[in-house]
Amino acid sequence: MSFPYQIKSFEEYLEQYKISIEQPEKFWGGVAENFTWKKKWDKVLEWNFKEPRVRWFEGAKLNITENCLDRHLADKADQPAIIWEPNDPSQKNRILSYRELYISVCRFVQVLKNNGVRKGDRVCIYMPMIPELAIAVLACARMGAIHSVVFGGFSAQSIADRIEDAKCNIVITADGGNRGPKDIRLKSVIDEALQKTSYIQKVIVCKHLGNEVSMISGRDVWWHDELAKITQDEMPAETMDAEDMLFILYTSGSTGKPKGVVHSCAGYMIYTTYSFVNVFQYKPGDIYFCTADVGWITGHSYTIYGPLCAGATTIMFEGIPSFPDAGRFWDIVDKYKVNIFYTAPTAIRSLMGFGTEPLKNKSLQSLRVLGTVGEPINEEAWHWYDENIGRHRCPIVDTWWQTETGGIMISNLAGISHGKPSYATLPLPGIIPLLVDEKGHPVPGSDAGKDGVFRRDAKGDTVSGNLCIRFPWPSIIRTTYGDHERCRLNYFATYPDLYFTGDGALRDAEGNYRITGRVDDVLNVSGHRIGTAEVENAINMYPDVVESAVVGFPHDIKGQGIYAFVTLNRQHHVSGDDKTGVSKMVNQVIGAIAKPDKIQFVSGLPKTRSGKIMRRILRKIAEGEMENLGDISTLVDPTVVEEIKAGRL
């Protein structure tokens, strides 16, 4: 398959970018012509950011799985679609060709239908990184059910909350999963979650580890038993409208309740494939390895949908980078002759800690492109990655995007546009970034749409502000499930007629963007967004906790760590058990991913007379900045600041 929309030079990038912002409908209509449609669109785009209402390829009919699977059967039937590498390297891997994946998906569609799933139903998927996870996702898409994948590290309460919000009627899970030395009992977690919600009528359980699990008669069925009933290898793909829901994926916000981000069929398909092909400069035959779990948006867009739509071979890895040793990623690269490798700065920083010993006897000669995702990569990690993994011959694409954007928004294109350590660099075609000040006024010299994407500022100024996007792209969030007003307030109400990303950014003299981090109460821990309110709510469930405040602090490995300031009931004497108890409570309510790195018990929190907690002060103390705390005379009790400073961990 050739990609007429693949950019081949920097000059072509500039030309395509110009067309994409001056004639967006012509540009995206041209890209969309390269996909399989049951019916073409009547109109490419209709939008407003006030409601918001965004509709791409209106009137078109399609099924994303015909683009991921069916259209490749003519020339790629025997090519590997998914290579699965197990957690334990001594176990056997699995390779599914495009034909085998197609048949597996068609058969599982019939399993879902036999178990009562209908078009439009929401399906919760809580599985390890095994091929059946991809099969389940694609089967939902093929029959028009809406998948809601929950990361395998979330707690029973978090799963129950997501099931309740999406009103799922079925769960697909496994007896267990492996992550390094850990054996995670996924079915047990589901059993606990389902005691907290009554929506689920069926649970389909994949046998992966062979663990003993409890199976409730009438509700729980085994994946393999259900497959044994299927006699057909083919199942036609359901006709979907361009704007029908494809999936819901939950992400943390600045309030306690996670948001169900909704993506639709056509726009998401077009943008993820377009960005995959261009950012990584994918070539037919490349072996591509994204290390992200499918429980996160990166796994959706760049482990499953984008690569498969492009006809690529994508690697799914069940394990972690340090098991059984810190050379595991590089063993996989050499084993499969990986050409494109995409991982998180957190993983790179953790591997840096092991030095270069694990890299001895690793060839890595197959690598052509390296990528990073989840958070900005710091310069030290960028240079280590470039020198030790890329051997100074592989471009590093530093990709900025979000669950809500569906696909990569700002990034250099591998070997086409220049990389710059710690900068995401330039926007992709169709993306018009704008920096605004706190009042929403455009920062002079920051509008890629007005002053050209490739701006050389005579003064050499770098400007900064809050990062917004001026114009819709095909995979933009359509709504937050069941609460459109929340979508409007979160992304479109802060600054009129702009999508607000929630991130701050710099733009240098050459038009390169550098993301400086969240400007709301959301932390970026190991590339995963965690709302401070969510963590505080969990901490406050611990007996004798009066209140808490959570802030981020610089962490060598995770990028940001979680620092919790906790006030206990005055009658309660603090002991070592309390720290353990608070930690366990967060683990139980949210999951291990949100456990605080530091818990400091304090007699009170710095508050204004109106009762507002001054997180700015706590943030500075957590970061070790003790001197310049600003005016604290307006606090109800300024003395608590000295106490907190003295007790800093």
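Me: A crossing of two helices is called left-handed if the near helix is turned anticlockwise from the far one by less than a right angle, and right-handed if clockwise. Which hand does the crossing of H17 and H18 have?

Reply: This is a predicted model, by the way. In it, H17 and H18 cross in a right-handed way. By the definition, then, the near helix is turned clockwise from the far one.

Me: What are the angle and the axis distance between H17 and H18?

Reply: Helix H17 (residues 532-539) packs on helix H18 (residues 576-589) at about 120°, and the axes are 8 Å apart.

Me: Why is H17 called oblique to H18?

Reply: Roughly perpendicular runs from 65 to 115 degrees, and roughly antiparallel needs over 145. The angle here is about 120°, so it falls between those ranges and H17 counts as oblique to H18.

Me: Which residues meet there, and how do they divide by class?

Reply: H17 brings Val 535, Ala 538 and Ile 539, while H18 brings Val 582, Met 585, Val 586 and Val 589. That gives seven nonpolar residues, no polar ones and no charged ones.

Me: Now H10 and H11. What makes H10 roughly perpendicular to H11?

Reply: The axes of helix H10 (residues 265-279) and helix H11 (residues 297-309) cross at roughly 90° and come within 8 Å. An angle of 65 to 115 degrees counts as roughly perpendicular, so H10 gets that label relative to H11. On the H10 side, the contact is made by Tyr 268, Met 269, Thr 272, Thr 273, Ser 275 and Phe 276. On the H11 side you'll find His 300, Ser 301, Tyr 302, Tyr 305, Gly 306, Pro 307 and Cys 309. By class, that contact has seven nonpolar, six polar and no charged residues.

Me: Are Cys 106 and Cys 468 buried or exposed?

Reply: Buried means under 20% relative accessible area. Cys 106 has 0%, so it counts as buried. Cys 468 also comes out at 0%, so it's buried too.

Me: What makes helix H12 mostly covered?

Reply: H12 (residues 328-336) has nine residues, and seven of them are buried. Those are Arg 328, Phe 329, Trp 330, Ile 332, Val 333, Asp 334 and Tyr 336. They pack against several elements, including strand E4 (80-85), strand E17 (313-317) and helix H14 (379-389). Just after H12, Lys 337 has a positive phi of about 55°.

Me: Where else is there a positive phi in a residue other than glycine?

Reply: His 392 has one, with phi near 60°. His 392 sits in the loop between H14 and strand E20 (396-398). Lys 167 is another non-glycine case, at about 55°, and its loop runs between helix H7 (156-166) and strand E8 (170-174).

Me: Why is His 392 called exposed, and why is Lys 167 called partly exposed?

Reply: Exposed means over 50% relative accessible area. His 392 has 57%, so it passes that mark. Lys 167 has 43%, which means it lies between the 20% and 50% limits and is partly exposed. Leaving out residues up to four places away in sequence, Lys 167 touches Arg 122 and Tyr 199.

Notes. Residues are numbered from 1 along each chain as its sequence is written. This is a predicted model: local features need pLDDT of at least 70, side-chain atom pairs count only at pLDDT 80 or more; totals for chains, interfaces and linings use all residues. Side-chain values use heavy atoms; hydrogens and water are left out. Axes are lines fitted to C-alpha atoms, for helices over the stretch in contact, and angles run from 0 to 180 degrees between N-to-C directions. Helices (H or I, at least four residues) and strands (E, at least two) are DSSP runs, numbered from the N terminus. Angles under 35 degrees count as roughly parallel, over 145 as roughly antiparallel, 65 to 115 as roughly perpendicular and the rest as oblique. Contact means heavy atoms within 4.5 Å. Ala, Val, Leu, Ile, Met, Phe, Trp, Tyr, Cys and Pro count as nonpolar, Asp, Glu, Lys and Arg as charged, and the others, Gly among them, as polar. Buried means under 20% relative accessible area, exposed over 50%, partly exposed in between (1.4 Å probe, protein chains only).
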